[in-house]
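Subject: Handover of a structure with its ligand

Dear colleague,

Please find below the structure that I am handing over to you. I would be grateful if you could look through it before reading my notes.

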Amino acid sequence: MAIAMRKESRLILALDETDRQRALAVADAVASTVDAIKINWPLVLAAGPDMINELAGRADVICDFKIADIPNTVHLIVDQAVGRGAKGVIVHAFSGSDSLSEAVRTAGDRAAIYAVTEMSHPGGREFTAPNAEALARVGVACNVKGFIAPATRPERIAAIRQIIGGREILSPGVGVQGGSAAAAIRAGADYVIVGRAIYQASDPAAAAARFAADIRAAL
Ligand code: BMP
């Protein structure tokens, strides 16, 4: 089983900032508050993959590459991300059991694989929601460390929890997308993921501290 991520504030920053210096400044401002920093294509494309290495020196980094590909390509991407210091990589469960298993095998004990179930945006209701339970089941069968489930629909976090037992749930959709950190935690999320409501705040450290306090109060 993959190494454990820090679990103190249960807050993960989604650092979708595209300005390299601002991204590093926000990371420095919140690194002591958040348990991990999740990065996605906007920052990697804007600032380059070295950003993974740089951020890994500041916090646990999750590469949210939402990989949806054949096993060989999954292997190559996970290996690059983990080789740069990522402690977590996000993969689309709909890629199927061979791709998910390859992600888990490639990460080994170096990093955790998280599988996407139901997505948090309105379009997530169209295809991911009707299949979320099956996506969770395939993730369990492939021994992923955890799942992505929507804070915008806390009742769906609870439904996915029923299937995955003690595995982790990371829940995005808090803040700008309308979800509440406290409701996600009460529904069974282990961590909440917050992006714009922290990195676009005038004081990102204070914003992160407020989310951390909301989460603490809900535990
Ligand atoms: P924000 O808090 O700014 O809405 O950012 C949410 C982050 O979580 C983004 O990086 C987004 O890509 C990601 N995310 C999401 O919002 N919903 C999902 O279902 C899955 C995600 O990874």
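The notes below cover the ligand and its surroundings, and then the cysteines.

Please bear in mind that this is a predicted model.

The ligand sits in the largest pocket. Around the ligand there are 15 residues, of which Asp 16, Lys 38, Lys 66, Ser 120 and Arg 196 come nearest. Sorted by class, this shell consists of 6 nonpolar, 4 polar and 5 charged residues.

In the side chain of Lys 66, an N or O atom is 2.7 Å from an oxygen atom of the ligand. For Gly 195 the backbone takes this part, with an N or O atom 2.8 Å from a ligand oxygen atom. Asp 64 has a polar side-chain atom that lies 3.1 Å from an oxygen atom of the ligand. The ligand on its own exposes 480 Å², and 91% of that is buried by the protein.

As to the cysteines, the count of disulfides comes to 0. Cys 63 is buried, because its relative accessible area of 0% is under the 20% cut-off. Cys 142 is buried as well, since its value of 8% also falls under 20%.

Yours sincerely

Definitions and conventions. Residues numbered from 1 in each chain as written. Predicted model: local features only at pLDDT ≥ 70, side-chain atom pairs only at ≥ 80, totals over all residues. Heavy atoms only, no water. Near = heavy atom within 4 Å. Polar contact = N/O pair within 3.5 Å; in protein donor to acceptor, adjacent residues only side chain to side chain. Areas by Shrake-Rupley, 256 points an atom, 1.4 Å probe, with all protein chains shown as cover. 1 Å grid on protein atoms, 1.4 Å probe; cavity = no way out; pocket = protein on both sides within 12 Å on 5 of 7 lines; lining within 4 Å. Sits in = over half its atoms within 2 Å of the grid points. Nonpolar A, V, L, I, M, F, W, Y, C, P; charged D, E, K, R; others polar. Disulfide = S-S within 2.5 Å. Buried < 20%, exposed > 50% of the residue type's maximum accessible area, 1.4 Å probe, protein only.
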